[in-house]
Amino acid sequence: MSDSDIEVLRRRFRRFAFPMTAAFLAWYLLYVLLSAYARDLMGVRVFGNVNVALLLGIGQFASTFGIAAWYAAYARRRLDPLADRLRTAADHRTAGAADTGPAGATSGAGASDSAGEATR
Amino acid sequence: MTIALFLAFVALTLGITVWASRQTRSAADFYAGGRSFSPLQNGVAIGGDYMSAASFLGIAGLIALNGYDGFLYSIGFLVAWLVALLLVAELMRNSGRYTMADVLAARLRERPVRTAAGVSTVVVSTFYLVAQMVGAASVVSLLLGVTGDAAKVWVIAGVGALMIFYVTVGGMKGTTWVQIVKAVLLMAGAALMTVLVLARYHFNVSELLGVAAAQSGKGLAFLEPGLKYGATDAWSKLDLISLGLALVLGTAGLPHILIRFYTVPSARAARRSVIWAIGIIGAFYLMTLVLGFGAAALVGGAAIKKSDPSGNTAATLLAETLGGGAGSTGGSLMLAFIAAVAFATILAVVAGLTLAASSSVAHDLYANVVRRGRSDERQEMRVARLAAVAIGGLSIGLSAFARDLNVAFLVALAFAIAASANLPVILFTLFWRRFTTRGAVWGIVGGLVAAIGVVLLSPICWGGASATKPAVTLTAKQAATCGVDAAAKSVGNPTALFSCTTVAPVPLENPGLVSIPAGFALAAVGALTGRRRRDADDDAAFTALEHRALTGVGAH
């Protein structure tokens with residue numbers, strides 16, 4: 001039931017956020033290191049007066065926009081429905097704690113299972 | 001003309017502030033704008049909070065004078081937002097209430113962590129505030145054509161008085177609207193200039209770059225990294241990496257940025273506002289690239305340096321040239337418009353900083369440490385307003401005293417402290433089950449001390465010439481300040497704080513390379529070595545925080 005939902009939510013969040021952070025930091029550090037130590041390479045002209053340094057810099061902009069959009073789509077699809085369900089379940093628990101406590105929890109779990117199928 | 005436009009902006013923002021004050025009743029209104037802003041509004045306001053005068057005038061100037069190296073700053077400032085987006089914004093929105101320290105206090109012992117986080121919030125914000133106000137003073141006096149120290153002090157006092165008014169009267173709501181108005185003006189001004197510059201070169205970027213490189217007198221090296229950073233020895237290359245680290249990791253630890261996530265109703269809205277902000281800020285930095293190279297091509301390095309040696313007036317000179325040149329009607333109109341935008345920029349940023357610092361003083365230090373949570377909302381808000389006046393006054397005093405300091409260094413230092421003292425503790429609190437109160441205090445205090453300590457041993461403070469900092473040609477005034485002969489070859493940094501001739505013990509100007517790992521390491525060691533056993537309560541507190549951070553259950 002909801003305990004496993006939170007596990008799934010945590011796993012999905014971390015599985016995206018942690019490797020992605022490592023990846024963009026590594027890509028940024030690579031760029032800074034190239035700027036410091038590989039200046040000949042950075043100065044190679046690709047077309048007109050546009051050189052590798054400028055293209056890599058613009059590439060950092062492009063990757064930032066791309067990762068932001070990717071995360072937004074991922075969160076909307078994989079994280080938000082789970083978080084909503086957990087929040088609704090918690091509201092039910094506080095609202096009907098006295099009389100319908102166990103029953104409410106059971107039906108909540110049933111609903112979350114079927115919704116879980118739908119998002120998969 | 002400039003003054004008229006500036007006064008129009010001030011009148012508009014004062015009107016907004018008074019209007020906002022009528023809507024500000026509860027503490028949530030004052031600290032977090034009632035959490036009622038839409039993602040787009042907050043995204044624009046984040047842009048307004050973040051794109052400081054240092055970005056607009058400073059980066060355009062750096063690019064105009066040093067070419068590609070100025071661009072390195074923009075990239076670090078932008079990529080940093082991914083840290084905020086992926087790791088901090090949503091979880092922070094769900095688990096905190098008004099300040100950065102709220103998140104730490106949600107699972108750690110309240111008084112020690114609030115004290116440490118409150119102190120570091122005030123320190124970071126004050127450094128940033130002084131940087132903005134010193135920058136304001138030099139830019140304003142250049143733009144208005146007033147010179148002399150007395151005029152600078154007056155400008156600082158005027159900017160300070162306005163920002164205190166915005167914050168004490170308008171709270172977060174007033175400050176946010178000031179930032180929104182400023183961001184719209186800034187984007188409009190930058191976009192107009194970008195189009196005008198590109199039109200001169202048939203919308204061909206390569207042509208613009210070619211002219212800029214030729215005009216710079218440095219040839220193709222102008223388009224490559226290395227003119228400013230890492231130009232001398234191995235240390236100066238490490239310094240470049242150190243700067244890059246502080247820029248990319250600092251943003252997600254800046255208190256005035258973090259509290260912006262509380263102004264929206266939900267974590268999802270916080271995410272969407274950061275995505276808007278990334279779009280706006282990214283577009284803005286791409287435009288400063290065009291403006292910087294445009295200034296190099298159309299105004300020329302020599303003319304820019306003559307107006308201001310550090311390049312801060314490049315954007316305004318470019319505006320004048322684009323409008324038709326000095327003396328023409330179009331030229332003075334453009335100049336007036338861009339100068340007014342620059343004023344607006346400075347005012348909005350200092351207001352955001354003052355709000356962050358005073359919120360933390362009132363909510364963390366006063367309400368929860370001094371009064372141990374026994375104060376009511378009205379007392380807390382009164383203290384916040386008093387704190388805004390006190391912090392505003394303090395920074396007016398510090399800025400008047402520090403008006404000749406290098407602005408870029410103060411901004412970079414604020415980023416380095418935020419990355420060293422705040423970010424490690426925020427991340428460990430949110431993600432590491434075994435983290436403890438002791439680790440948080442060690443991390444914040446250690447990161448703070450390491451960052452400031454490295455600076456105290458750096459060429460910022462000790463300016464003697466060395467392989468890293470080669471001797472510079474001194475002006476008569478600099479030689480007199482340093483107490484050396486004008487022909488002396490012993491001075492590497494004539495604006496050093498303690499001595500111009502003693503060689504710095506640590507050759508790094510940017511402390512990040514040392515202090516950021518130190519902040520992470522001390523936080524981790526503090527957490528792992530505590531004598532007190534972690535118990536079931538600590539475990540439950542982390543589980544509860546994680547649940548709330550991920551789902552928003554129980555969020556304010």
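Over residues 16-38 of chain A the chain is 96% helix and 0% strand, with the end C-alpha atoms 31 Å apart. Residues 50-73 of chain A are 92% helix and 8% strand, and here the end C-alpha atoms lie 33 Å apart. Helices (H or I, at least four residues) and strands (E, at least two) are DSSP runs, numbered from the N terminus. An unreviewed UniProt entry places the feature "transmembrane region" at both of these stretches of chain A; such annotations may be inferred rather than shown by experiment.

The model is predicted: local features need pLDDT of at least 70, side-chain atom pairs count only at pLDDT 80 or more, and totals for chains, interfaces and linings use all residues. Residues are numbered from 1 along each chain as its sequence is written, and chains are lettered from A and ligands numbered from 1 in the order in which they are written.

Chain A has a mean pLDDT (the predictor's confidence in each residue, from 0 to 100) of 81, and 77% of its residues reach 70 or more. Within chain A, confidence is highest in α3(A), at 93, and lowest in helix α4 (residues 101-119), at a mean of 38. The pLDDT is below 50 over residues 98-120 of chain A, a stretch with 17 contacts in the model beyond near neighbours in sequence. Where pLDDT is low, the predicted coordinates should not be read in detail.

Between the chains, 38 residues of chain A are in contact (C-beta atoms, placed from the backbone, within 7 Å) with 39 residues of chain B. On the chain A side, two or more residues each come from α1 (2-37), α2 (39-42), β2 (50-51) and α3 (52-95). The largest share, 17 residues, is given by α3(A). By class, this side has 25 nonpolar, 9 polar and 4 charged residues. Ala, Val, Leu, Ile, Met, Phe, Trp, Tyr, Cys and Pro count as nonpolar, Asp, Glu, Lys and Arg as charged, and the others, Gly among them, as polar.

In chain B, the axes of helix α8 (residues 149-200) and helix α14 (residues 314-323) come within 10 Å and cross at roughly 60°. Axes are lines fitted to C-alpha atoms, for helices over the stretch in contact, and angles run from 0 to 180 degrees between N-to-C directions. α8(B) and α14(B) are therefore oblique to each other; angles under 35 degrees count as roughly parallel, over 145 as roughly antiparallel, 65 to 115 as roughly perpendicular and the rest as oblique. The contact involves B:Met193, B:Leu196 and B:Val197 of α8(B) and B:Leu318, B:Ala319 and B:Leu322 of α14(B).

Notes:
Two residues are in contact if their C-beta atoms, placed from the backbone, lie within 7 Å.
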